[in-house]
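Open the model in your viewer and keep the selection panel at hand. The stops below run from the whole chain down to single residues.

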Amino acid sequence: MAEAPQPNSTFSRPTFFILTGIPGLAGAQAWLTLVFGPMYLLSLLGNGALLAVMQIDPTLHQPMFLLLAMLAATDLGLATSVAPGLLAVLWLGPRPVPYAACLVQMFFVHTLTAMESGVLLAMACDRAVAVGRPLHYPVLVTKVRMGYAALALVLRAVAIVVPFPLLVARFEHFQATTIDHTYCAHMAVVELVVGNTRANNLYGLALSLAVSGVDILGITGSYGLIAQAVLRLPTQEARAKAFGTCSSHICVILAFYVPGLFSYLTHRFGRHTIPKPVHILLSNIYLLLPPALNPLIYGARTKQIRDHLLEIFTFRKSQF
């Protein structure tokens, strides 16, 4: 274990950082494994089951379900990039993380978060076309175009997040090697830097506003078009059916953006009024809650997936 730094001491670029977990909770944080452990398990089983079902059933090889597969794969990656280290810190206490591994984790956490936001935007656009122009949907939304959209989302996420680790890597000296967090969040590492971090702070703020802001505007615009199309339908039954095709997506949007909004607002504006453990808890909930809830939402509310899962479980039950 590294020695505690002296008040005015600085360190050359360390070979490793120490993740301490959630400050102030001490041994009590081990109990949080009872919360985050099941979340991670649910993420693995739920998203793995969704991907398996969509791989097995040819009828689910449609653009809408390809987007859902992208969301499930992103959720698996996001949960796995955070949860194993989080559970180790909560259960075993502070642990060392190599400097390079810390930057790699920072890259994947932020890239997959940007990717998830982009996938939700693409799903909103898909629903807008399906509800607003149902007769033209098979022509406008094809597997090839969905593949190009997936590639664009990956390239966008990578391009905008690559500067995060690069902006940190340019610093040679740090105030400490101890990160009061459960994973290598960008701003948690930047707080340890000795030097001018204005570029890091501005880029972090600009990225949050640009990615989430643009995606939320796009989602809002898509649902505005959906609302117009639904209101033009002649019967209440048709309106309810059209809205039902979007209900799962709305639940997923709320599961992702509501915890994210709370986490962002408490970090940016409540830094001096809200205790740091609350910041860290919110950031972990933001990253782990959506991957746990999304497969439940789509598994329960999407008829094709629900029916296929029921067939599998019924078949296996009949074998015994």
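Here is the tour, stop by stop.

**Before you start**

This is a predicted model: local features need pLDDT of at least 70, side-chain atom pairs count only at pLDDT 80 or more, and totals for chains, interfaces and linings use all residues. Numbering runs from 1 along each chain as its sequence is written, and side-chain values use heavy atoms, with hydrogens and water left out.

**Stop 1: the whole chain**

Select everything and colour by secondary structure. The protein chain has 11 helices and 5 strands. Both kinds of element are DSSP runs, numbered from the N terminus: helices are H or I with at least four residues, strands are E with at least two.

The C-alpha atoms fill a box of roughly 70 × 50 × 35 Å. How does the radius of gyration agree with that of a compact globule? For 320 residues the globule value would be near 20 Å, and the protein chain has 22 Å, which agrees. The radius is taken over C-alpha atoms, and the globule rule is 2.2 Å times the number of residues to the power 0.38.

The accessible surface of the protein chain is about 16,400 Å², with 71% of it belonging to carbon and sulfur atoms. These areas come from the Shrake-Rupley method with a 1.4 Å probe; for residues, only the protein chains shown count as cover.

Now colour by burial. Buried residues make up 45% of the 320 residues. Buried means under 20% relative accessible area, exposed over 50%, and partly exposed in between (1.4 Å probe, protein chains only).

Draw the contacts (heavy atoms within 4.5 Å). Among contacts between residues at least 6 apart in sequence, 81% join residues at least 24 apart.

**Stop 2: the nonpolar core**

A nonpolar core is a set of buried Ala, Val, Leu, Ile, Met, Phe, Trp, Tyr and Cys residues joined through side-chain atoms within 4.5 Å. Select F17, L71, L120, I179, V189 and I219. Of the 87 residues in the largest nonpolar core, these six touch the most other members. Helix α3 (residues 99-132) gives the most to this core, with 18 residues.

Centre on F17. Which residues does F17 touch, not counting those up to four places away in sequence? They are R95, P96, V97, Y99, C102, F174, A176, T177, I179, V189 and L192.

**Stop 3**

Select 99-132. The expected span of a helix is 1.5 Å times one less than its number of residues. The 34 residues of α3 should span 50 Å, and the end C-alpha atoms are 50 Å apart, which agrees.

The rule is a pair of cysteine sulfur atoms within 2.5 Å, and by it the count comes to 1 disulfide. C102 lies in helix α3 and C184 in the loop between β5 (178-179) and α7 (186-190), so the pair ties together parts 82 residues apart in sequence. The link is left-handed, with -120° about the S-S bond. Both C102 and C184 are buried.

C125 is partly exposed at 36% relative accessibility. C251 is partly exposed at 31%.

**Stop 4: helix α8**

Select 198-231. The 34 residues of α8 should span 50 Å, and its end C-alpha atoms are 48 Å apart, which agrees. Its buried residues include N200, L207, D215, I219 and Y223. A210 also lies in α8, but A210 is partly exposed, with a relative accessible area of 39%.

**Stop 5: helix α1**

Select 33-56. The 24 residues of α1 should span 34 Å; the end C-alpha atoms are 33 Å apart, which agrees. Among the buried residues here are F36, Y40, N47, L50 and M54.

Zoom in on L50. Its relative accessible area is 5%, so L50 is buried. Leaving aside neighbours within four places in sequence, L50 is in contact with P295 and I305.

**Stop 6: a loop residue**

Finish at I274, in the loop between α9 (236-269) and α10 (276-301). I274 is partly exposed at 28% relative accessibility. Beyond four places in sequence, I274 touches T266 and H279.
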